[in-house]
Amino acid sequence: MGRKNKREPWEEEEEIIWVSKTEMKRDMEELQKLGEELVALKPSVLAKFPLDDDLRAAISDAQRFDKEAKRRQMQYIGKLMRARDPEPIQAALDLLRNKHSQQSIELHKMEKLRDRVVAEGDAAINDVVAQYPSADRQKLRQLARQAKKEQEGNKPPKAYREIFQMLKTLKAESED
């Protein structure tokens, strides 16, 4: 009579990792959410992602569909994602998110600098000229005075916006 366990007693047991059904569903839902984020992207941005042809076609189809068809397509994208390594896709998505947050941080810094130019006047203008040598000191002083008058007179902030645009242009020139 044969043994049920074909393994010899001295052989090592293979380690079996049990995954609960709930954990598997959670993983599938995460992949489907990743797919939803990909569907929400513009095609020009999506072209930069490391996707194979099947997944790229499924995502472009999902972008065209509505309601129930889109829901089913999202499930299909989740299924396709299970057969692939999601790490490179997730890394590209994280990089994209980080790029947007970096841009907003830069804009906030520029807004603070503009506020300083209007509030402090020459001291802040000297800092701007030190940071961006191509800055027009006279134009900045003129705009700062106009912005201060606009604030005091509760007028539309035209000069205030011009200062921001000027700083934005200076920053772009310095990066080139």
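The legends below describe close-up views of a predicted model.

**View 1. The two domains of the chain.** The domain assignment divides the chain into domain 1, which covers residues 21-84, and domain 2, which covers residues 101-175. When the centres of these two domains are taken over C-alpha atoms, they are separated by 44 Å.

**View 2. The packing of helices H7 and H8.** Two packed helices are described by the angle between their axes and by the distance between the axes. Here helix H7 is made up of residues 137-152, and its axis comes within 7 Å of the axis of H8, with the two crossing at roughly 145°. This crossing of H7 and H8 is left-handed. On the H7 side, the contact is made by Lys139, Leu140, Leu143, Ala144, Gln146, Ala147, Glu150 and Gln151, while on the H8 side Lys158, Ala159, Tyr160, Glu162, Ile163 and Met166 take part. Sorted by class, the residues in the contact of H7 with H8 are eight nonpolar, two polar and four charged ones.

View 3. Lys171 has its place in helix H8, which spans residues 158-175. Lys171 counts as buried because its relative accessibility is 19%, and the cut-off for a buried residue is under 20%. If residues up to four places away in sequence are not counted, Lys171 touches Glu106, Met110 and Tyr132. With one of these, Glu106, there is also a polar contact from side chain to side chain, at 3.3 Å.

View 4. Most residues other than glycine have a negative phi. Lys67, however, has a phi near 50°, which is a positive value in a residue other than glycine. The residue lies in helix H4, which consists of residues 67-82. Lys67 is classed as exposed because its relative accessible area is 76%, and a residue counts as exposed when this value is over 50%.

View 5. The loop that lies between H7 and H8 contains Asn154. For Asn154, phi is near 50°, again a positive value in a residue that is not glycine. Asn154 counts as exposed because its relative accessibility is 70%.

Notes. Residues numbered from 1 in each chain as written. Predicted model: local features only at pLDDT ≥ 70, side-chain atom pairs only at ≥ 80, totals over all residues. Heavy atoms only, no water. Helix = DSSP H or I, 4+ residues; strand = E, 2+ residues; numbered from the N terminus. Buried < 20%, exposed > 50% of the residue type's maximum accessible area, 1.4 Å probe, protein only. Polar contact = N/O pair within 3.5 Å; in protein donor to acceptor, adjacent residues only side chain to side chain. Contact = heavy atoms within 4.5 Å. Domains from an automatic or database assignment. Axes fitted to C-alpha atoms, helices over the stretch in contact; angles between N-to-C directions. Left-handed = near helix turned anticlockwise from the far one by under 90°. Nonpolar A, V, L, I, M, F, W, Y, C, P; charged D, E, K, R; others polar.
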